[in-house]
Amino acid sequence: MHETRPLLEATGLVKSFGKVKALRGADFSVYAGEIVALVGDNGAGKSTLVKTLSGVHAPDAGSIVVDGVEVRDFHPLSARRLGIETVYQDLALAPTLDPVANLFLGREVLREGILGRFGFLDKRYMRAKAESKFAELGVRIQDVASPISAMSGGQRQGVAVSRAAAWASKIIFLDEPTAALGVVQTRSVLDLIRKVRDTGVGVVLISHSMPDVMAVSDRIEVMRLGKRVARMITAGIKAEDVVAAMTGATSTTGDSNDEI
Ligand SMILES: Nc1ncnc2c1ncn2[C@@H]1O[C@H](COP(=O)(O)OP(=O)(O)O)[C@@H](O)[C@H]1O
Ligand SMILES: [Mg+2]
């Protein structure tokens, strides 16, 4: 179904937390320029998988190959260097900072000055850059100088996704980005995700919302009890098919879909 190799391919990932086996030989892949929905019931291991693929958790076993090269000693920083950005389910914006500061969090641009490389923050540059990124992605923020804590859930999520989009050159993981949002806000986050996909980035969307998954994804990977149990091309299937795979109710195989 894809002629190119995946941007990222994980095979046989195992991850336990004490006695809890969160991943039991999980496989996963994402290709450039696609939105792949990662779905599964609560506790299926989706968040653990994403954290493992973004260098937060070290897997107990299995391999992660990015652009054809197996990654070892994977850390959040090495994931970033590889062009992988993540918006975690437990949203990680700094509430007291404004959107510009959040966009550049941990990556502040210093201005050359009398103090040389210890110059001060180049706020004008960062603000201009942030504003153009928000505009490019269609994220409307009335006042880029007001703190995140004063913003609506939709605006916050817009900032979080924009930050990931601003830095990701390969892959963005979004763990339930619309879970706390209303209809209108959800629609704008989904539009944003499509724009990011259209730049050639691989977008991985975890979502519980079947309508969102069916509306926005190109492909679906289904997890159940710590493993991938199905992969499907969205265009050829119905939401019921996905739900059946999530709950283990089917083991049917369609033409475009290979049940594993
Ligand atoms: N840091 C952790 N410590 C202990 N158990 C965890 C931790 N993270 C996840 N788990 C457990 O791993 C399993 C999978 O969780 P998770 O990956 O969050 O699933 P999902 O995102 O699909 O709902 C669950 O049983 C959960 O309680
Ligand atoms: Mg989760």
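Predicted model: local features only at pLDDT ≥ 70, side-chain atom pairs only at ≥ 80, totals over all residues.
The chain contains 8 helices and 11 strands. Of its 260 residues, 41% are buried.

Helix α5 illustrates how one element is enclosed by others. The helix comprises 15 residues, numbered 153-167. From the first C-alpha of α5 to its last, the distance is 22 Å, which is close to the expected 21 Å. Most of the helix is covered, with 11 of the 15 residues buried. Among them are the glycines Gly154 and Gly158, the valines Val159 and Val161, and the alanines Ala160, Ala164 and Ala165. Arg156, Gln157, Ser162 and Arg163 are buried as well. The cover over these residues of α5 includes both helices and strands: the helices α3 (99-103), α4 (123-136) and α6 (183-198), together with the strands β6 (84-87) and β7 (171-175).

The shell around ligand 1 consists of Phe17, Val20, Ala22, Gly40, Asn42, Gly43, Ala44, Gly45, Lys46, Ser47 and Thr48. Two elements, β2 (20-30) and α1 (46-53), each give two or more residues to this shell. The largest share, 3 residues, is contributed by α1. By residue type, the shell around ligand 1 divides into 6 polar, 4 nonpolar and 1 charged.

Terms used:
Residues numbered from 1 in each chain as written. Chains lettered and ligands numbered in written order. Helix = DSSP H or I, 4+ residues; strand = E, 2+ residues; numbered from the N terminus. Expected span 1.5 Å × (residues − 1). Buried ≥ 20, exposed ≤ 12 C-beta atoms within 10 Å, placed from the backbone. Contact = placed C-beta atoms within 7 Å. Near = placed C-beta within 6 Å. Nonpolar A, V, L, I, M, F, W, Y, C, P; charged D, E, K, R; others polar.
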